[in-house]
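Here are some notes for a colleague who is meeting this structure for the first time. Please read them with the sequence and the model side by side.

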Amino acid sequence: MAADLDSELLDIAQAAALLRVSEASLRRWTNSGRLPCRRIGGRRERRFRRADLMAFLERDASNTGAHHVCAFYASDQARTRQAASFIGNGLDAGSVCILAAERRVRERVLARLARRRPALRSDLGAKHLLVSEYAETTASQVKFWETTFEAATRDGARTLRVVGDVSGGTLAREGDFDQVLEYEAAYERLSRRFPVTTACLYDARSYTGLETARLIQRHPDLFRRPIAH
């Protein structure tokens with residue numbers, strides 16, 4: 001019986017590969033009691049039961065918090081901080097993360113993330129983190145999301161996280177405000193088909209009070225439950 005039980009134990013590298021997270025994340029979660037593990041040998045190395053790892057995945061997937069929310073920033077630094085925090089926590093939790101923003105914004109967010117995650121280059125190479133710019137039309141952008149979400153889930157992603165700097169995208173810069181609302185409505189319908197949690201970022205300096213209220217109305221999950229960071 002003991003031999004059968006031990007055969008189900010994974011070392012930390014195998015467990016990290018299964019959850020698609022870093023070994024550092026596993027050490028932090030076991031130290032905090034968030035994820036159970038066994039200690040074996042004189043070096044007290046961590047070993048993980050596959051059943052515990054699968055239960056952790058299911059618990060994490062069902063506790064993603066808000067589904068589709070918006071957040072507002074009043075400075076470039078705040079935008080960078082919000083995006084990097086949301087993506088970093090998603091990567092720590094094993095989600096495939098996607099950052100949609102213009103190039104200069106992406107560079108700032110990635111630079112901040114790199115200070116938190118030294119293995120960020122590996123995240124990009126393994127497609128745990130994807131980056132893109134916004135398309136010129138609502139139809140093109142929604143099609144991009146659909147294709148990307150389908151590919152990620154087909155490749156085994158259990159949860160997805162999206163951060164989009166909508167204010168800095170082509171739709172907001174070159175279209176009228178109604179086009180932004182149209183895009184949000186189309187994205188809302190699409191995103192309900194996938195295990196994705198989304199934070200749409202908007203520059204508070206660019207919108208009137210009425211426009212801000214209408215944007216919030218397009219993100220009803222903002223009121224249903226708090227966003228998971």
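1. In this predicted model, five strands make up an open sheet, and they follow the order 4-8-7-5-6 with parallel pairing. Strand 4 (68–73) and strand 6 (129–132) stand at the edges with a single partner strand each, so one side of each of them has no neighbour in the sheet. On average, and with direction ignored, neighbouring strands of this sheet are turned by 15° against each other.

2. For a closer look at one pairing, turn to strand 5, which covers residues 96–100 and is joined to strand 6 in the parallel sense over four bridges. Within this part of the model, alanine 100 has serine 132, in strand 6, as its bridge partner.

3. Turning to the protein as a whole, the model contains twelve helices and eight strands. Of the contacts between residues at least 6 apart in sequence, 76% join residues that are at least 24 apart.

4. On burial and surface, the protein has 229 residues, of which 46% are buried, while its accessible surface comes to about 11,800 Å², with 49% of that area belonging to carbon and sulfur atoms.

Definitions and conventions: Residues numbered from 1 in each chain as written. Predicted model: local features only at pLDDT ≥ 70, side-chain atom pairs only at ≥ 80, totals over all residues. Heavy atoms only, no water. Pairing = 2+ DSSP bridges. Helix = DSSP H or I, 4+ residues; strand = E, 2+ residues; numbered from the N terminus. Axes fitted to C-alpha atoms, helices over the stretch in contact; angles between N-to-C directions. Buried < 20%, exposed > 50% of the residue type's maximum accessible area, 1.4 Å probe, protein only. Contact = heavy atoms within 4.5 Å. Areas by Shrake-Rupley, 256 points an atom, 1.4 Å probe, with all protein chains shown as cover.
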